[in-house]
Structures are given as structure tokens and as C-alpha cells.
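Hi,

Here is the model we talked about. Have a look, and my notes follow below.

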Amino acid sequence: MSSVGLIYVGIVLVVNGLLLLNWVTPREAAPLNLFVGALQVLTPTYLIVIAAGDVDAIFAASGIYLFGFTYLWVGINAAKDISNRGFGWFALLVALCAVVYAIESFVRADDAGFGVIWLLWGILWFLFFLVLGLDRAALGPATGVYTIVTGIITTTAALMTLLDGWNGDWIVASVIAAVGILALAVATPAARTLTAPDREVVD
């Protein structure tokens, strides 16, 4: 996956986590979602065109579309004040796809670190399914906390890759997994403290 695009995937996840915690409004989060969504659709399209039929390169690029469609969908819905229920069901399918990309990272790419990150993304999309597809709004703030942590992990991994400091061995994978599990464990109590109060709407 393009490490440059992955930096912004992590950033938009942090913003969307703040959205779920009520610190930003949907319309305030919409522009970044649209920008990153467009980037994550154009990038894999270019990579596939220049892959010249290389199946491995095409497969690697294909996963980027999952992020592109996610952020375009969220951005459009936020800008137009449209229900996210349809996106929630899409997120369930993306979560299942994330498991496939995780297995590929573990088995073929020999990158356990990104294998774990794919699993964290899969959990995140499944939480989006619960919150948006099944209308489990009570899970929203806790999902926001987990989204922020996942975004920080994502951007950190992308920057380390660009700086040639990424080592996706099992030690790194174990650390990432531990942080992800801890984030899930503390998400609910942390959300009670971090959720912003409702703001008055000014006409």
C-alpha cells in the first residue's frame, strides 16, 4: 500500500474519531474525508494501470480502494447530511475483506506488523457496521476512541515505512496487537471522559 496515502488515512481516522466523540461536526469532517477518499481512489487506479498485469502489484493496490470508497462515502454523507446506514453495511463487507488482506500480509508478504494493522482496521470497520449499520449509537463514543488510536498507529507505521525504519516482524506485530487490545479495553471508560458535550446549534 502507498505509504504516502497511508499517512492521510491515519489522519482522517483521527478526525473521524473526534467526530464520533462529538468534537467536530459531520460537515467539519467532510472536506478531509473527501480529499483523502479521492486520493485513495486515484492512487490505486494509477498503480494498477502501471502494474502491467502483475497480479501481486494489482492485489496490493486493490486494498487501497477500501479506504477510498470509505472516506468518499463518509464525506458525501456528511456534507449532504445523509444517513450512514448504507455505509454501515458496506463496512461489514470491508471488514471481511480486511481479514483476507491480513492473511496475505502474514503468509505471503511476510509482514506480520501490517498483518496485525489490517486486523485492527477490520475490527474498526466492524465497529462502524455496529454503530451505523445496526444503529448501535451507544457504541459510537467508544468506537471514536478506538478510531483515534488506530489512526495514530496507521500514520506512525506509514512514516516509519517512508523513513525506512519499518520492521514488520513479530515483535513489532505483538506491540501493535497489545496497543490495539488495550485500546479496545479502555475505549468505553475513556469515551465517558473524552466525549464533548452537545453544542448549541446556531442558525
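First, a quick one: is Arg 108 buried or exposed? Arg 108 is exposed, with a relative accessible area of 53% (buried is under 20%, exposed over 50%, partly exposed in between, with a 1.4 Å probe and protein chains only).

Some housekeeping: this is a predicted model, where local features need pLDDT of at least 70, side-chain atom pairs count only at pLDDT 80 or more, and totals for chains, interfaces and linings use all residues. Residues are numbered from 1 along each chain as its sequence is written, and side-chain values use heavy atoms, with hydrogens and water left out.

Salt bridges: the count is 2 (a side-chain nitrogen of Lys or Arg within 4 Å of a carboxyl oxygen of Asp or Glu). Arg 108 pairs with Asp 56 at 2.4 Å, N to O. Arg 108 sits in the loop between α4 (85-107) and α5 and Asp 56 in helix α3, so the pair ties together parts 52 residues apart in sequence (helices are DSSP runs of H or I, at least four residues, numbered from the N terminus). In the other bridge, Asp 135 meets Arg 85, with the closest N and O atoms 2.9 Å apart. Here the loop between α5 and α6 is tied to helix α4, since Asp 135 lies in that loop and Arg 85 in that helix, 50 residues apart in sequence. Asp 135 is partly exposed at 46%, and Arg 85 is partly exposed at 45%.

Cheers

Terms used: Helices (H or I, at least four residues) and strands (E, at least two) are DSSP runs, numbered from the N terminus.
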